[in-house]
Amino acid sequence: MKKIYFMLLAMLAIGFTFTACSEDEPFSTATADDEPRILDPTFPDRTDGNLPVIATIGRDANLTITLTVTPADYTTVSWEIDGYEVEEGTTLDIHLKAGTYRLKVTASTTAGKSTYREGIVQVNPLDEDPWSTEVEFERIIAPGTTARLYGNNLDKVKSIVIGGKTITDIVYTGAEDEGYIEYNVPADLPDGEHRVILVDAGGNGYGGNTVLAAKGALIISGFDRTNANSEWVMIGINLDHITSLTIDGQNISDFTRQTATAISLICPELADGEYMLTGKTKKRSGCRILYH
């Protein structure tokens with residue numbers, strides 16, 4: 001019996017030893033001087049210079065992401081959507097209207113070091129929602145002119161909000177599920193990218209993606225290829241503001257056609273090759289060319 005008793009005591013002692021070890025608290029060896037790292041989730045690399053799509057959700061769901069960073073005790077996290085900070089902390093939980101958004105998350109340490117990740121978030125509309133799709137260049141608009149939006153269920157739209165400005169003077173054309181809206185762009189709409197909100201009769205707002213507003217002359221297409229001694233047609237906005245174009249030192253002010261959205265000329269006698277095209281407008285020193 002004594003032997004059994006002593007064996008039981010030995011086993012209890014071993015059990016107590018194991019229990020004591022399991023109660024040790026884990027500790028971090030990271031310091032504020034360590035380089036910040038975003039461990040999870042992993043953002044895909046860019047493809048041909050384009051940001052990757054990191055999330056695709058329906059507009060009835062929230063965008064929810066939780067970040068794991070190191071050194072966790074010395075790192076703060078900020079979230080930006082389309083260049084505007086929307087949240088701080090390791091978790092983002094936000095509702096977005098349908099559309100495409102640029103997401104950026106930055107991890108910064110108390111020592112002033114930082115790292116970031118970027119990606120595209122695609123929020124899809126529901127089947128019955130008003131929704132606007134990009135067809136060609138109608139998303140590039142000139143303040144003070146008429147523009148269009150193409151899409152589905154646009155017959156439900158009673159007003160549009162662009163850049164915080166409400167537009168009620170709209171005309172819908174097409175079938176119930178597919179058509180377009182014509183609207184007057186506010187003359188005082190600032191240059192830059194603006195998000196579009198489609199508003200129905202009940203005052204509900206739906207995402208319509210973005211438009212790019214420009215007051216100056218902007219050549220959008222047709223500038224990248226032509227033939228010598230042939231008509232050269234370029235498309236854009238505010239092209240009636242252009243007074244002259246210059247290529248290879250040759251100044252051209254005699255256009256075969258010139259409207260607000262198109263300009264054409266006879267291309268000079270030029271050898272095959274690449275040339276810089278510049279221009280002058282009535283109010284500004286030059287026009288811009290958009291690589292779309």
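The model is predicted: local features require a pLDDT of at least 70, side-chain atom pairs count only at pLDDT 80 or more, and totals for chains, interfaces and linings use all residues. Residues are numbered from 1 along each chain as its sequence is written, and side-chain values use heavy atoms, with hydrogens and water left out.

The protein chain contains 1 helix and 26 strands; helices (H or I, at least four residues) and strands (E, at least two) are DSSP runs, numbered from the N terminus. Of its 292 residues, 36% are buried, where buried means under 20% relative accessible area, exposed means over 50%, and partly exposed lies in between (1.4 Å probe, protein chains only). Contacts are defined by heavy atoms within 4.5 Å. Among contacts between residues at least 6 apart in sequence, 60% join residues at least 24 apart.

Strand β12 shows how side chains are arranged. In a regular strand the side chains alternate between the two faces of the sheet. Two strands pair if DSSP finds at least two bridges between them. Strand β10 (residues 131-133) is joined to β12 by 3 bridges and runs antiparallel to it, with threonine 133 opposite tyrosine 150. The antiparallel pairing of β12 with β16 comprises 6 bridges, and glycine 151 stands opposite glycine 179 in β16.

The count of aromatic pairs comes to 1; rings of Phe, Tyr and Trp (its six-membered ring) pair if their centres lie within 6.5 Å, and planes under 30 degrees apart count as stacked, over 60 as edge-to-face and the rest as tilted. The ring centres of tyrosine 150 and tyrosine 180 are 5.5 Å apart and the planes are at 50 degrees, so the pair is tilted. Because tyrosine 150 lies in strand β12 (residues 146-152) and tyrosine 180 in strand β16 (residues 179-184), the pair ties together parts that are 30 residues apart in sequence. Tyrosine 150 is partly exposed, with a relative accessible area of 24%.

A charge sits over a ring if NZ of Lys or CZ of Arg is within 6 Å of the ring centre and within 35 degrees of the ring normal. Arginine 148 lies over the face of tyrosine 180, at 3.9 Å from the ring centre.
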